[in-house]
Amino acid sequence: MTAAAAGLGLLPVGGRGRAEASVVDWHGEAMGAVASLRIHHSDRGAAEALIRRAVAEVRRLERVFSLYRDDSALVALNRHGMLAAPPPDLVEVLAQARHYWQATHGSFDPSVQPLWTLYRDHFSTPGAAPSGPSSQSRDAALALVGLDGVAFDRNRIAFRRRGMGLTLNGIAQGYATDRVVGILRAGGIVSSLVDLGEPRALGPAPDGHPWRIGIADPDGLGAIAETVEVADRAVATSGGYGFRFDAEGRFNHLLDPKSGRSAALYRSVTVLLPDATGADALSTAFSLLPKEEISSVLHRLGDGEVRLVTAGGERIVLSPRGREDRAEAGGGMIRAAARLGCA
């Protein structure tokens with residue numbers, strides 16, 4: 001999925017210390033991203049059974065949300081412009097998407113798929129203009145964008161305009177992460193770190209300290225710029241470095257549903273929230289918004305924390321309380337802000 005590349009910017013560095021319970025790790029691929037589960041349980045066999053259930057759930061959700069499986073429900077919807085008796089998970093994710101579309105005044109919009117297709121087709125054409133698609137073709141794609149053009153309920157999903165398409169890359173990984181956390185919690189797990197591209201900590205680490213999540217340096221492949229401490233929190237990051245259509249990196253996958261252009265305000269955006277679905281969606285939307293509008297959304301939500309690395313390299317931490325901390329490029333993040341809203 002598109003968001004998978006951005007999700008690689010979050011590198012789990014684990015908890016502090018060891019617990020006496022067995023530690024069962026799983027590593028693989030899920031929702032198009034490198035994925036891992038870490039479960040602490042007194043019964044290793046029970047932990048392994050929970051991991052099998054969790055992985056089976058992710059595979060099931062891939063058949064709903066994937067853009068790269070011909071048999072997925074989303075591919076069928078995009079192909080026909082309508083889907084009868086849609087999977088309940090697809091309807092639920094669309095409802096969540098509409099919530100964040102409204103909360104961000106349209107900046108989070110999964111109907112940007114026609115723009116993605118436009119940029120992909122343009123830059124895969126030999127001799128393509130490095131300046132990108134023409135303004136006329138971009139305007140034509142923009143005419144097909146708008147979540148208000150998608151009607152849905154539990155019985156049917158339909159596009160109101162021919163040629164529309166959806167991508168759930170900016171929310172489906174988070175949704176799958178929350179589903180896995182639900183399975184683990186129902187199985188009695190109180191300490192786990194789930195990373196399906198958008199890490200979410202279930203409880204604190206076994207020693208009682210918060211889990212530590214590393215946020216990748218957008219300018220250094222594989223390097224960690226800083227760590228945040230979380231318990232019962234999800235962490236999602238988005239950045240134009242995750243996927244670029246052109247070799248120069250002027251056109252990235254974070255597409256503005258209002259202008260049709262790629263995000264350019266920030267090198268990376270990291271969101272901390274109690275649930276991965278919201279963190280995933282908002283890290284995408286906030287990549288397109290000035291910090292004043294981000295602060296306004298946080299204030300309305302009453303929860304969360306946002307960490308920005310601006311295009312100029314300045315680091316900013318925003319919270320719903322209206323607090324804003326800064327550090328100059330190369331100066332490191334202010335640590336006092338790392339615990340806002342994380343407990």
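The chain has nine helices and 15 strands. The model is predicted. Of its 343 residues, 57% are buried. Among contacts between residues at least 6 apart in sequence, 61% join residues at least 24 apart.

Helix 7 packs against two other helices, as described below. Two packed helices are described by the angle between their axes and the distance between the axes. For helix 2 (residues 44-65) and helix 7, the axes come within 10 Å. The crossing angle is roughly 150 degrees. Helix 2 and helix 7 are therefore roughly antiparallel to each other, because angles over 145 degrees count as such. Their crossing is right-handed. Helix 2 contributes L50, R53, A54, E57, V58, R60, L61 and F65 to the contact. From helix 7 come A172, Y175, A176, R179, V180, I183 and L184. By class, the residues of this contact divide into 11 nonpolar and four charged, with no polar ones.

Helix 7 (residues 172-186) also meets helix 8 (residues 276-286). Here the axes come within 7 Å and cross at roughly 165 degrees. That angle makes helix 7 roughly antiparallel to helix 8. The crossing of this pair is right-handed. On the helix 7 side, the contact is made by A172, Q173, G174, Y175, T177 and D178. On the helix 8 side, A276, T277 and D280 take part. The contact of helix 7 with helix 8 has three nonpolar, four polar and two charged residues. A172 and Y175 of helix 7 are listed in the contact with helix 2 and also in the contact with helix 8.

Helix 8 is largely enclosed by the rest of the structure, because 11 of its 11 residues are buried. The buried residues include D280 and F286. A276 and T277, which touch helix 7, are likewise buried. At the start of helix 8, a side-chain oxygen of D275 reaches to within 2.7 Å of the backbone nitrogen of G278. G278 is itself buried.

T167 lies in the loop between strand 6 (156-159) and helix 7. Its relative accessible area is 12%, so T167 is buried; the cut-off is under 20%. The side chain of T167 makes a polar contact with the side chain of N169, at 3.1 Å. Leaving aside residues up to four places away in sequence, T167 touches L67, P110, V112 and Q113.

Conventions: Residues numbered from 1 in each chain as written. Predicted model: local features only at pLDDT ≥ 70, side-chain atom pairs only at ≥ 80, totals over all residues. Heavy atoms only, no water. Axes fitted to C-alpha atoms, helices over the stretch in contact; angles between N-to-C directions. Helix = DSSP H or I, 4+ residues; strand = E, 2+ residues; numbered from the N terminus. Parallel < 35°, antiparallel > 145°, perpendicular 65-115°, else oblique. Left-handed = near helix turned anticlockwise from the far one by under 90°. Contact = heavy atoms within 4.5 Å. Nonpolar A, V, L, I, M, F, W, Y, C, P; charged D, E, K, R; others polar. Buried < 20%, exposed > 50% of the residue type's maximum accessible area, 1.4 Å probe, protein only. Polar contact = N/O pair within 3.5 Å; in protein donor to acceptor, adjacent residues only side chain to side chain.
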